[in-house]
Amino acid sequence: MKRIITLFLCFVMLLSVTGCGGEITNGSDMNLSISASPATLDPQLASEVTCDRLISLCMATLYTFDKDGKTVPLLAESYEMSKDGLTYTFHLKKDLVWSDGRPLTANDFVFAMQRLADSETGSNAVYLITDCCRIKNAEQINAGKMHPDKLGVSAPDDRTVVFELEVPCPYFISLLAGPVFSPCNEKFFNSCKGEYATEPDKMLYCGAYRMDRYEPLATQIHFSKNEKYVDPEDGIPEGINVQVVGNTEQAVMCYNTGQFDVSLVSGDVMSKLAGNKDLKEISNANIMFIQFGNLPKSDVNNVHIRRALSHCIDRDSIVKDVIKAGAYAWNRVSPKDYYYETNGKDFSGDEHRYDKEAGYDLNEAKKEWEQGCKELGKKNVELTLSYSNTMQTICEVFKQEWEEALPGLTIKMKSLPVKEWLTALNTSAYDMIFQGWTADYADPTAFFNNFITGVRGTTGYSNLDFDKMVETSGSAEMCADPDKRNKLLHQAEDLIMKDAGLITVYSSQNCFLIDRAYAGFNLTPTGCGYLIGSLGRRG
């Protein structure tokens, strides 16, 4: 549930944490505002976007993303995959060291992964190795049934790390780029006596920066260049000063007075920033969509009823008049700008691919509605739309558009407190529910997996052919032939869109005010890390 919860928090967050006063550093530092304090900077405990992004400044992984969203080596220099897709062998770069000069070895990755899997660690991010990829014995270890040293991660020598999987994982390299897969030195960790990553001196660094000011839930964090970093970049700031400003209007004011170089912005203030040349919208790798439940007698079980509902939604108008900024209209399962095929083409680059199946078309909506009502033997249909009470406005628009376009339709609105809404998402005992999903890794299956029959019990959509396609996409054969795999994934999306298995409405985006000196500022494809190498040079 991490990514649903994270998305919700980003959607509603408007905290009053602090103003933009405080210590602003010299001109060689980049000043960055964020909307909330990180809960932790321990890589193996981090399970929220704010934490991941800050960790990405000071910790490195085997592979990372370049500015074009492609995976590239970082602490590793190369890897091999076995023919069955179950074993990955990584070769580390020579002479890697931590920020204090001690050697960084393969055993540091082994210990980090054992920490993540260990049930005593209690990490909310453990699903990345038990579900997103299935590292050998990870699930058993996390359930307390095996010792962590049985995890399928080993170090034959100081420069070789071996990962053993229980099933092939075509997106494994992309997954490893996440901050949770950063190394951890066992001897140093034990010396911290339970206080690891709680202050600058209680952490070792292997990324572009090291922390020199940080307290848990503090409103300011400062990073300085890590001179021991394996991949030094020319032109990046000497330091990064991070300050929490939860009130968006305050963040904008501080940016306009020159106290911030980069400010994360959201909420109502976005409409006031329309046309601002410093405003940059960056893909959030997410979709906001209407999901169908599995109530046995629900009329949404009829495909024509579902198609009619989709054709009634004027997505462009909703983004323009309701969302106003920080989103784009969308009607696909997979969002754009986060997964690229081998030829560099955006997997979801064709935004009109499913206009016929799902696009705004009132004439087609009425035809589908009439066919659906005929098959149901009904003239009147009543459906319930459930949603979080923070999503009231947009759901009222859905109701209005549906009832005006489809004769005989009545929509009952069911507003739920956040906790009840999250519970409802885990049941599928509803007609329709409005929600969002953000990718944990850069691959279409990060979305497709949610619609496999019976997965998480959260959706009533079921098509065994779709299930088979998604399952086959994870085979060893597909791991070895990415072009063939991408073709199959397109076919899977074609099928679920034909079935109207969901109604995607829009994709939200991260919105930043960015000083032109840092015009290259960007995020990783899933939004979980800052791309430090793309920061511009001041002056």
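Tyrosine 88 stands opposite phenylalanine 163 in strand β7. The model is a predicted one: local features need pLDDT of at least 70, side-chain atom pairs count only at pLDDT 80 or more, and totals for chains, interfaces and linings use all residues. Residues are numbered from 1 along each chain as its sequence is written, and side-chain values use heavy atoms, with hydrogens and water left out. Helices (H or I, at least four residues) and strands (E, at least two) are DSSP runs, numbered from the N terminus.

**The four-stranded sheet**

- The open sheet has 4 strands in the order β4-β5-β7-β6, with antiparallel pairing; two strands pair if DSSP finds at least two bridges between them.
- Its edge strands, each pairing on one side only, are β4 (76-81) and β6 (153-157).
- From one strand to the next, the twist averages 25°; angles run from 0 to 180 degrees between N-to-C directions, and axes are lines fitted to C-alpha atoms, for helices over the stretch in contact.
- In a regular strand the side chains alternate between the two faces of the sheet.

**Strand β7 and its partners**

- Strands β5 and β7 run antiparallel and are joined by 5 bridges.
- β6 and β7 (residues 160-164) also run antiparallel, with 3 bridges between them.
- A hairpin is formed by β6 and β7, with 2 residues between the strands.
- Within this pairing, valine 153 stands opposite phenylalanine 163 in β7, and aspartate 157 stands opposite threonine 160 in β7.
- Of the 5 residues in β7, 4 are buried, so the strand is mostly covered; buried means under 20% relative accessible area, exposed over 50%, and partly exposed in between (1.4 Å probe, protein chains only).
- Helix α3 (residues 106-117) lies across β5 (87-92), β6 and β7, and runs at about 165° to β6.

**Helices α9 and α12**

- Two packed helices are described by the angle between their axes and the distance between the axes.
- For α9 (residues 303-311) and α12 (residues 362-376), the axes come within 7 Å and cross at roughly 155°.
- α9 and α12 are therefore roughly antiparallel to each other; angles under 35 degrees count as roughly parallel, over 145 as roughly antiparallel, 65 to 115 as roughly perpendicular and the rest as oblique.
- The contact residues of α9 include His304, Ile305 and Arg307, and those of α12 include Leu362, Trp369 and Cys373; contact means heavy atoms within 4.5 Å.

**Two buried residues**

- Threonine 50 is in helix α2 (residues 49-58).
- With a relative accessibility of 15%, threonine 50 counts as buried.
- Not counting residues up to four places away in sequence, threonine 50 touches Ile34, Ala36 and Pro38.
- Alanine 492 belongs to helix α18 (residues 482-498) and is buried, at a relative accessible area of 0%.
- Neighbours within four places in sequence aside, alanine 492 is in contact with Phe448, Phe466, Met469 and Val470.
- Between alanine 492 and glycine 520 the sequence separation is 28 residues, and the C-alpha to C-alpha distance is 35 Å.
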